[in-house]
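Biologist: I would like to learn how to read the features of a model like this one. Please take them one at a time, with the general idea ahead of the case.

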Amino acid sequence: MSNLSLDSENLKPFLTDQEVNDLQSQINLCHDGFEGGTGKGSDYLGWSCLPSGFSDTVATEIISTADSIRNICDAFIVVGIGGSYLGSRAGISYLSSSFSNQFGRESVPEIYFAGQNFSSDYHADLFDLLADRDICLNVISKSGTTMEPAIAFRLLKEMMEDKYGTEGARDRIIVTTDSSRGALKSLADELGYRTFVIPDDVGGRYSVLTPVGLFPMAVAGIDIKELMEGACQAEILYKKPSLDQNDAYYYAVMRHLLYQKGKTNEILATFQPAFHYLADWWKQLAGESEGKDLKGIFPSSVEFTPDLHSMGQWIQDGKRNIFETFLILESSRRQLKIPAFKNDADGLNYLAGETLDTVNEKSWLGAASAHKEGDVPNMTLKIKDRSPYSLGQMFYFFERAVAMTGYLNGVNPFDQPGVEFYKKNMFKLLGKPGF
Ligand code: PA5
């Protein structure tokens, strides 16, 4: 059973059934490219069968390491950038309380993230906060050479060694990296850190269902087995070639057709703060996978209703090169009802007794029809609840859909040659030997 559903009713004025059906044969070819390993970037297709390949041994190793870590720390720091942290951050914020760090659960540490920027103030502020905490750290880098996490790790390692001594710090540091290559792997071997391996055939932004995403989520108290069960169900659902039976491919086709009609920017619009980092994860997945060879949808996100009071103007009335994907939570964990006021001074008594969910739903429906009238094609992806099972399905859904959109547009969705350019310039400016 799918905990996700796609509604494309509001695309009807913009796309015809014929246009959709005409793409089935191209979908079949791309699908064969995935399944037969003959498509572009086929060395990096390992993500597609991670859920079915998830073994009890891997689960046990992740869960028992997470348990041991939780027993000795009250703050856990995830050090990584891009695909090495966005998935766990998305999962943790989607599944935890909005204020989990301030409002912690017993035996679940506060979770912080470092190594996603070179900001001195951010890291110095983090060190201030960590000064009176017992800490453990997970440094994650597939290449093992990315500079942002490498510098943050240097700083944190030094701080931890000052606090716990070299041996003590060693027990509190877990490394997630390549099985054999990279500076981080060499360092882990030399210093004897516990290590998780990122499979060779899984790229960074497709790695949320490996220890990259699963270990920090397990430390945060998330049931990773349930998450992987959801992903496994999604693997079955979204491996069918027929557009009638596969919403991930259907979503890919909608995106591709809209892009071909000049709707080059996709806006992922959410109505829940819990989706904030999920949108960031999605933007990286889509942007880095599809934006190449001078092609690709530009993925962006807005958080409604706050952004209806700012970007809403642009969406309603600005340049008509956009389409919207609403990401909607079907049911909140808890319901709050609007109270009645005696004198109705604010005029809201007509809503007394209604839930916030009802108001949120009407704001989505209102925005969706207004934007459609404003010539913005939009569709809606609904997720049933904030459970690990549903989230596992959603991670896999988007991976499959984005990879398919890339194939439909003729690009390799698994490489990222463009991101090397700034690095070369930066290394030269920093005086790195050889640049
Ligand atoms: O998707 C990708 O490959 C990238 O976004 C990487 O995840 C990111 O650059 C971090 O790389 P690494 O894990 O090698 O430090």
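Biologist: In what order do the strands of the open sheet with mixed pairing stand?

Modeller: Strands of a sheet pair through backbone hydrogen bonds, either parallel or antiparallel. Here strands (E, at least two residues) and helices (H or I, at least four residues) are DSSP runs, numbered from the N terminus, and two strands pair if DSSP finds at least two bridges between them. The open sheet with mixed pairing has five strands, in the order β1-β10-β9-β7-β8. Because β1 (4-7) and β8 (298-303) each have a single partner strand, they stand at the edges, and one side of each is left without a neighbour in the sheet. From one strand to the next, the twist averages 20°; axes are lines fitted to C-alpha atoms, for helices over the stretch in contact, and angles run from 0 to 180 degrees between N-to-C directions.

This is a predicted model, in which local features need pLDDT of at least 70 and side-chain atom pairs count only at pLDDT 80 or more, while totals for chains, interfaces and linings use all residues. Residues are numbered from 1 along each chain as its sequence is written, and side-chain values use heavy atoms, with hydrogens and water left out.

Biologist: How many bridges join β7 to β8?

Modeller: Six bridges join β7 (residues 265-270) to β8, and the two run parallel. L268 has S301 of β8 as its bridge partner. Helix α14 (residues 388-408) packs on this sheet and touches β1, β9 (322-329) and β10 (378-383), where contact means heavy atoms within 4.5 Å. The direction of α14 makes about 145° with that of β10.

Biologist: Which open sheet has parallel pairing?

Modeller: That is the five-stranded sheet with the order β3-β2-β4-β5-β6. Its edge strands, β3 (110-114) and β6 (194-197), each pair on one side only. Strand β5 (residues 173-177) pairs with β6 in the parallel sense over four bridges, and V175 has T195 of β6 as its bridge partner. Helix α5 (residues 120-130) packs on the sheet and touches β2 (75-79), β3 and β4 (135-141). Its direction makes about 155° with that of β3.

Biologist: Which residues come nearest to the ligand?

Modeller: A residue is near a molecule if one of its heavy atoms lies within 4 Å of it. Of the 13 residues around the ligand, S84, S141, S143, T146 and Q284 come nearest. An oxygen atom of the ligand is 2.6 Å from an N or O atom in the side chain of S141. For backbone polar atoms, a ligand oxygen is 2.7 Å from one of K142 and a ligand oxygen is 2.9 Å from one of R205.

Biologist: Where are the cis peptide bond and the positive phi?

Modeller: Most residues other than glycine have a negative phi, and most peptide bonds are trans. In this model a cis peptide bond joins F304 and T305, with omega about 5°. T305 is in the loop between β8 and α12 (311-317). D293, not a glycine, has a positive phi of about 55°, and D293 lies in the loop between α11 (276-290) and β8.

Definitions and conventions. Polar contact = N/O pair within 3.5 Å; in protein donor to acceptor, adjacent residues only side chain to side chain.
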